[in-house]
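Below is a briefing on one protein model. Please look at the sequence and the 3D structure first, then go through the points by topic.

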Amino acid sequence: MRPNPRSLAPFLLLLLAPVAAWAAWMGWDRHRVVHPDGSETGPYEAWQVIGLVLTLLCPVYWAASRRHVPSAVIGTTAGLTAAAWYDWSDDAGGLFVIGVGLVMMSTLVATLAVSALVAFTTRRGGSAPGA
């Protein structure tokens with residue numbers, strides 16, 4: 001049985017959108033701020049993370065409103081996890097795996113909640129907007 005390209009397209013879009021969003025919002029910032037006491041913060045600012053999350057809400061909403069909830073959840077989670085892994089894997093200490101795991105778990109929970117809410121609210125209206 002051959003996969004249907006129409007059912008594969010939403011998954012691929014939701015897999016690639018987080019990678020592109022990560023590159024746009026997070027991938028360019030490598031500067032850590034060293035405070036007078038020697039502690040470091042960064043490299044990301046809160047506005048970058050907020051921008052990434054708000055950007056990813058658009059494709060998740062699009063997919064969930066068209067009943068592609070598995071694509072929205074699995075594709076977004078896999079894409080964002082892969083982007084974080086690629087960006088952080090040069091950490092010599094190896095602790096990046098914990099951060100990547102947290103990104104994966106939080107993305108999974110958030111996309112599942114948003115997708116379920118969107119699918120439920122658009123179902124009540126009869127049909128998906130724009131469908």
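The buried residues of helix α2 are Gln48, Gly51, Leu52, Leu56, Pro59, Val60, Ala63, Ala64 and Ser65, where buried means under 20% relative accessible area, exposed over 50%, and partly exposed in between, with a 1.4 Å probe and protein chains only. The model is predicted, with local features needing pLDDT of at least 70 and side-chain atom pairs counting only at pLDDT 80 or more, while totals for chains, interfaces and linings use all residues. Residues are numbered from 1 along each chain as its sequence is written, and side-chain values use heavy atoms, with hydrogens and water left out.

**Overall make-up**

- The protein has four helices and two strands; helices (H or I, at least four residues) and strands (E, at least two) are DSSP runs, numbered from the N terminus.
- Along the sequence these elements come in the pattern α-β-β-α-α-α.
- Of the 131 residues in the protein, 31% are buried.
- The accessible surface is about 8,300 Å², and carbon and sulfur atoms account for 71% of that surface; areas come from the Shrake-Rupley method with a 1.4 Å probe, and for residues only the protein chains shown count as cover.
- Taking contacts between residues at least 6 apart in sequence, 66% join residues at least 24 apart, a contact being heavy atoms within 4.5 Å.

- The 20 residues of α2 should span 28 Å at 1.5 Å a residue, and the end C-alpha atoms are 28 Å apart, which agrees; the expected span is 1.5 Å times one less than the number of residues.
- Val49, Ile50, Val53, Leu54 and Leu57 make a nonpolar surface patch of about 410 Å².
- Patches are made of residues with over 30% relative accessible area and no salt bridge, with like charges joined within 9 Å and nonpolar side chains (Val, Leu, Ile, Met, Phe, Trp, Tyr) within 5 Å; a salt bridge is a side-chain nitrogen of Lys or Arg within 4 Å of a carboxyl oxygen of Asp or Glu.
- Arg67 sits in the loop between α2 and α3 and is partly exposed because its relative accessibility is 38%.
- The phi of Arg67 is positive, near 70°, in a residue other than glycine.
- Most residues other than glycine have a negative phi.

**Helix α3 and Thr81**

- For α3, 20 residues at 1.5 Å a residue should span 28 Å, and the distance between the end C-alpha atoms, 28 Å, agrees.
- Buried residues of α3 include Ser71, Ala72, Val73, Gly75, Thr76, Thr77 and Asp87.
- Thr81 belongs to α3, residues 69-88, and counts as buried because its relative accessibility is 14%.
- A polar atom of the Thr81 side chain lies 2.6 Å from the backbone oxygen of Thr77.
- Leaving aside residues up to four places away in sequence, Thr81 touches Val100 and Met104.

- Ser115 is part of helix α4, residues 96-124, and is buried because its relative accessible area is 0%.
- The side chain of Ser115 has a polar atom 2.7 Å from the backbone oxygen of Thr111.
- Beyond residues up to four places away in sequence, Ser115 touches Val60, Ala64, Val69, Ala72 and Val73.
- Val118 is also found in α4 and counts as buried because its relative accessibility is 9%.
- Not counting residues up to four places away in sequence, Val118 touches Tyr61, Ala64 and Ser65.
- Val118 and Tyr61 are 57 residues apart along the chain, with their C-alpha atoms separated by 6.5 Å.

Conventions. Polar contact = N/O pair within 3.5 Å; in protein donor to acceptor, adjacent residues only side chain to side chain.
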